[in-house]
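I opened this two-chain file to take notes on folds, contacts and a few single residues. My entries follow in the order I looked things up.

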Amino acid sequence: MTEGILIGLTTALSFQNIFMVMIGCFFGTIIGMLPGLGPMTAIALMIPITYGFDPATGLILMAGVYYGAVFGGSTSSILLNAPGVPGTVATSFDGYPMAQQGKAGKALAIAAWSSFAGGTLSAIYLLFMAPSLSKVSLSFRSPDYFALMILGLTAIAAFSSKGQFLKAMMMVVLGLMLASVGQDSLSDITRFTFDNMNLTDGISFVLVVMSTFAMSEALTIILKRNDPTAAAKQVSLTELGSIRINKEERGKMYRTIPRSSVIGFLIGVLPGAGATIASFLAYGMERNLVKDEEKEKFGKGSVNGLSAPETANNAACSGSFVPMLTLGIPGSGTTAVMLGALLGFGIQPGPRLYMTNPEIFWSVIMSMYIGMVILLILNLPLIPYIARILAVPKNYLIPLILFFSITGIYVMSFNNFDIYLMIGIAVVATFLRLYDFPMPPLILAFVLGGLMEENLRRSLLLSNGSWEFLWDRTLTVCILVTTILIVLWHIYKTFSKKKS
Amino acid sequence: MNINTTKIISLLFFIFSAFYLYTAYQIQVFAFDENAPFNARTFPIYLGYAGLFFSGLKLILPDPDTIKVEHRTLEYKKTALLILIAIIYGATILKVGYFLTTSIFLFASYYFLGERRWVLMFLLSFPFVAGFMYLLHGVLEIYLRDPFLKSIGVMG
């Protein structure tokens with residue numbers, strides 16, 4: 001492991017990679033601050049650029065964008081009460097009241113230090129947990145992988161949005177259907193191409209991500225007459241106040257950060273859960289654990305109430321890398337995008353990744369520390385100025401998002417069919433978004449589609465067409481029981497909510 | 001009459017799944033693969049049934065939390081214009097080239113979204129695209145075919 005850490009450090013500390021982390025953090029912060037435009041859009045816009053670099057650098061850049069976007073989301077939650085991403089909604093509960101009391105600078109500093117501590121602690125957990133889990137996951141067989149993918153897809157649907165399980169499952173099926181277009185990986189038989197040569201190789205992953213996120217996000221903003229930059233114009237550079245945290249506040253943070261980082265990391269590891277659930281759980285847990293007098297301050301600018309969700313959402317980001325790096329199965333929409341990008345580099349993440357490509361495995365983990373430090377020293381003093389940059393009018397922002405999306409697709413294929421296909425998918429996605437059909441399950445399913453078919457093929461061939469493989473191994477049964485429990489829990493939650 | 005659009009989407013998805021399933025059954029597999037436990041059409045067939053199952057459930061189950069969209073407040077005109085510009089962009093990019101089509105695409109998008117600061121619109125289209133093109137072509141060495149720039153002798 002020491003050798004791996006050194007390889008990772010050497011790769012992550014190269015000038016190019018540090019520069020990429022800085023660019024990623026900065027760009028991610030800007031996109032993350034815009035309400036509605038989250039880490040997935042930011043990463044999607046970056047993918048075509050990452051293909052110009054080696055895989056380690058590309059992944060480091062995307063990880064930087066991810067952290068930056070989560071941090072940016074917290075900033076807009078605190079300053080504007082407009083969370084950029086769902087994972088930072090809980091941050092606004094106490095961050096915004098604090099800003100209204102003239103302590104916006106302090107709130108930003110607490111958020112930044114908590115994010116830093118949460119991210120750093122969880123990167124340490126990841127450092128120790130990932131290699132062990134990789135060793136365990138070597139014992140996984142095709143039926144286990146197939147069951148694990150069913151679990152991941154069901155979980156992301158169950159956790160995606162309240163009462164929208166069936167809609168999310170429909171999106172999962174649509175994602176798998178899109179992934180089935182093109183040549184069958186074993187027999188090379190073309191499927192669903194309708195004799196169109198452009199579809200023979202299937203639909204590009206970048207195209208699906210760009211159209212369902214970046215492009216449809218831009219179209220939704222226009223369609224709904226939203227102005228994500230309007231709120232940024234309200235930010236005053238002079239009213240932020242001091243960024244110093246006093247001894248009493250530090251004392252509160254010392255107690256909150258370790259427990260919130262553990263809960264955040266563990267929730268992040270679970271497929272489908274992620275930063276949103278982690279931040280709400282950490283907020284709720286903290287409220288139950290503090291003294292009564294502190295409990296009264298929750299919702300009115302509590303230091304614990306701000307520190308807990310901020311620590312947890314960053315810890316969850318690191319946690320979500322665990323299933324991706326060790327099992328090759330992403331736990332969230334954002335890591336699904338990263339997995340797709342890695343597959344584009346010709347690298348298959350999974351239990352053997354840290355043996356076959358140790359520089360990628362370890363440099364990503366090491367770059368997380370560097371990313372956290374950069375976020376702290378670069379973003380904290382620059383936040384008010386970044387907020388001002390966001391006051392760019394919508395009339396310029398939207399065409400530029402469209403420009404980066406279309407250019408990203410064009411430079412990858414030099415084919416105008418892909419542009420038409422992208423527009424078509426984006427229009428459908430925009431319409432579906434209007435009616436609350438979630439897009440992350442579609443992306444996760446699209447990325448997992450090929451792997452899922454491959455593992456089902458192997459399982460069925462080995463069991464001679466019998467579905468007994470689902471209950472032949474204890475591990476497969478355990479995973480499937482977990483899936484059933486998630487579905488039952490979701491049904492129970494829906495009905496109990498209706499009764500109440 | 002109150003039409004539940006979510007149900008209509010579910011119905012469309014149901015029809016789409018049925019079509020997908022029909023097409024899945026039409027996939028030609030090799031003769032020796034026809035009775036194999038798994039062939040090229042197996043997974044799509046399962047997907048087709050899954051699509052029918054979930055959209056069917058959505059159709060028949062009550063939907064008390066249905067999303068109501070106020071269509072009168074939506075900006076259809078500008079959205080349609082942007083989509084149209086993007087289609088025209090796709091149709092012309094190979095013939096005209098990256099620089100001119102992209103610059104015009106950006107300029108037109110700013111204009112149709114209501115921008116009228118001509119100098120800023122120009123700066124954020126033609127020089128901006130030129131700079132971006134230099135980054136792609138000159139720095140990242142991604143070749144961009146451009147008949148227009150070639151015809152005026154800027155590109156080799």
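**Chain B, overall**

I began with chain B and counted seven helices and zero strands. From the N terminus on, the elements read α-α-α-α-α-α-α. The model is a predicted one, and I read every value below with that in mind.

How does the radius of gyration of chain B compare with the globule rule? I get 25 Å, well over the 15 Å that the rule gives for 156 residues, so chain B is more spread out than a compact globule. Along the principal axes, the C-alpha atoms of chain B fill a box of roughly 60 × 55 × 25 Å. Buried residues make up 28% of the 156 residues in chain B.

I then looked at sequence separation. In chain B, 62% of the contacts between residues at least 6 apart join residues at least 24 apart.

**Chain B, domains and a helix end**

Chain B is divided into domain 1 (5-70) and domain 2 (75-151). I find 39 Å between the C-alpha centres of domain 1 and domain 2 of chain B.

Next I checked helix 6 of chain B, residues 126-139. This helix has 14 residues and reaches 19 Å from its first C-alpha to its last. After helix 6 of chain B comes Glu141(B), with a positive phi near 55°.

**Chain A, overall**

I moved to chain A and found 21 helices and two strands. Its radius of gyration is 22 Å, close to the 23 Å that the globule rule gives for 500 residues, so chain A is as compact as a globular protein of that length. The C-alpha trace of chain A spans about 65 × 55 × 50 Å along its principal axes.

Of the 500 residues of chain A, 61% count as buried. Among contacts in chain A with a separation of 6 or more, 80% come from residues 24 or more positions apart.

Helix 12 of chain A covers residues 303-319. I tested its length: 17 residues at 1.5 Å a residue should span 24 Å, and the end C-alpha atoms are 24 Å apart, which agrees. Helix 12 of chain A is mostly covered, with 17 of its 17 residues buried.

Ile43(A) sits in helix 3 (residues 39-50) of chain A. Is Ile43(A) buried or exposed? Ile43(A) counts as buried because 31 C-beta neighbours lie inside 10 Å, and the cut-off for buried is 20 or more.

Leaving aside neighbours within four places in sequence, I list Met62(A), Val65(A), Tyr66(A), Thr334(A), Val337(A) and Met338(A) as contacts of Ile43(A). I also took one distance from that list: Ile43(A) and Thr334(A) are 291 residues apart along the chain, yet their C-alpha atoms are separated by 7.9 Å.

Most residues other than glycine have a negative phi. I noted two residues with positive values.

Phe192(A) has phi near 55°. Phe192(A) is in the loop between strand 2 and helix 8 of chain A. It is partly exposed, with 19 other C-beta atoms within 10 Å.

Phe414(A) has phi near 50°. The loop that holds Phe414(A) runs between helix 17 and helix 18 of chain A. With 15 C-beta neighbours inside 10 Å, Phe414(A) counts as partly exposed.

**Where the chains touch**

Last, I looked up Asp184(A). I find Asp184(A) in the loop between strand 1 (182-183) and strand 2 (190-191) of chain A. Asp184(A) is buried, with 21 other C-beta atoms within 10 Å. Beyond four places in sequence, Asp184(A) is in contact with Ile189(A), Arg191(A) and Ala40(B). Asp184(A) and Glu454(A) are 270 residues apart in sequence and 9.9 Å apart in space, C-alpha to C-alpha.

Methods: Residues are numbered from 1 along each chain as its sequence is written. Chains are lettered from A and ligands numbered from 1 in the order in which they are written. This is a predicted model: local features need pLDDT of at least 70, side-chain atom pairs count only at pLDDT 80 or more; totals for chains, interfaces and linings use all residues. Helices (H or I, at least four residues) and strands (E, at least two) are DSSP runs, numbered from the N terminus. A residue is buried if 20 or more other C-beta atoms lie within 10 Å of its own, exposed if 12 or fewer, and partly exposed in between; C-beta atoms are placed from the backbone. Two residues are in contact if their C-beta atoms, placed from the backbone, lie within 7 Å. Domain bounds come from an automatic or database domain assignment. The expected span of a helix is 1.5 Å times one less than its number of residues. The radius of gyration is taken over C-alpha atoms; the globule rule is 2.2 Å times the number of residues to the power 0.38.
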